[in-house]
Amino acid sequence: MSTEQLTLRLTQELSGQWTIPILLALESCRGRFTPMQHQLQIAPARLSDNLKRMEENGLLQHLSPYERRHPALPEYVLTEKGLLYKEAAKALQHTEEKLGFGRLSAKAWNMPVLLALHYEHERFQDIRHALQLVTPRMLSTRLGELHDLGAINKLLEEQPRPTFLYQLQLSSKPSVHQLAQNLASIL
């Protein structure tokens, strides 16, 4: 698998409202459920669902009562894969701060779309092919939102037949380029 494919897959797996905040909060909360819930201001059921999903994806390990600091309190630790994803989460968070459009990674597919544009996939079908699992409707929605934010340009190419091209806004290019480099160095 190429570096491009790996970075796109990594950002896809980190997309979503809670994945990055949980990865970044886990250490400061010492892996404990209740402190994490309070820090993130998340409903217990939602936190539990996200932790289970992250455990199924191999990012976290739910400690047994014998491994915990307190046997009655749920506790989690990052796996080796989770530590790698935490570094990627830091890179994504840093990029979001530099771009200044808020938490783009909170919505699925935003960051993968930006990276696909960085890798010069400009046409709708090329972007869709690069992202593999994205539906046409979701891709269209994310491209529209990113355009409305001012993160990307939407250009009409008239020849050979009218079609839209999508490109990173000039101001977005350095940050997304740095993200691609940071993610490639982590992998």
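**Entry 1: two helices.** I began where Thr3, Thr7, Leu10 and Thr11 of α1 meet Ala180, Leu183 and Ala184 of α9; contact here means heavy atoms within 4.5 Å. Helices (H or I, at least four residues) and strands (E, at least two) are DSSP runs, numbered from the N terminus. I looked up the packing of α1 (residues 3–14) and α9 (residues 173–186) and found an angle of about 100°, with the axes 10 Å apart. Axes are lines fitted to C-alpha atoms, for helices over the stretch in contact, with angles from 0 to 180 degrees between N-to-C directions. I therefore noted α1 and α9 as roughly perpendicular (65 to 115 degrees; under 35 is roughly parallel, over 145 roughly antiparallel, the rest oblique).

**Entry 2: ground rules.** This is a predicted model, where local features need pLDDT of at least 70 and side-chain atom pairs count only at pLDDT 80 or more, while totals for chains, interfaces and linings use all residues. Residues are numbered from 1 along each chain as its sequence is written, and side-chain values use heavy atoms, leaving out hydrogens and water.

**Entry 3: Ser172.** I placed serine 172 in the loop between β4 (163–168) and α9. Serine 172 is buried, at 1% relative accessible area (buried is under 20%, exposed over 50%, partly exposed in between; 1.4 Å probe, protein chains only). Leaving aside neighbours within four places in sequence, I found serine 172 in contact with Leu99, Phe101, Gly150 and Ala151.

**Entry 4: Leu168.** Leucine 168 belongs to strand β4 and is buried, with a relative accessible area of 6%. Among its contacts beyond four places in sequence I noted Leu114, Leu117, Ile152 and Val176. Its C-alpha atom is 9.1 Å from that of glycine 150, 18 residues away along the chain.

**Entry 5: the core.** Which residues have the most contacts inside the largest nonpolar core? I found Met36, Leu114, Leu131 and Ile152, in a core of 50 residues. Such a core is a set of buried Ala, Val, Leu, Ile, Met, Phe, Trp, Tyr and Cys residues joined through side-chain atoms within 4.5 Å. Beyond four places in sequence, isoleucine 152 touches residues including Leu114, Leu143, His147, Tyr166 and Leu168.

**Entry 6: Gln37.** I found glutamine 37 in helix α3 (residues 33–40), buried at 17% relative accessible area. Glutamine 37 touches Ile42, Pro44 and Leu47, not counting residues up to four places away in sequence.

**Entry 7: a charge and a ring.** The charged end of lysine 154 sits over the ring of phenylalanine 164, 4.3 Å from its centre (NZ of Lys or CZ of Arg within 6 Å of the ring centre and within 35 degrees of the ring normal).
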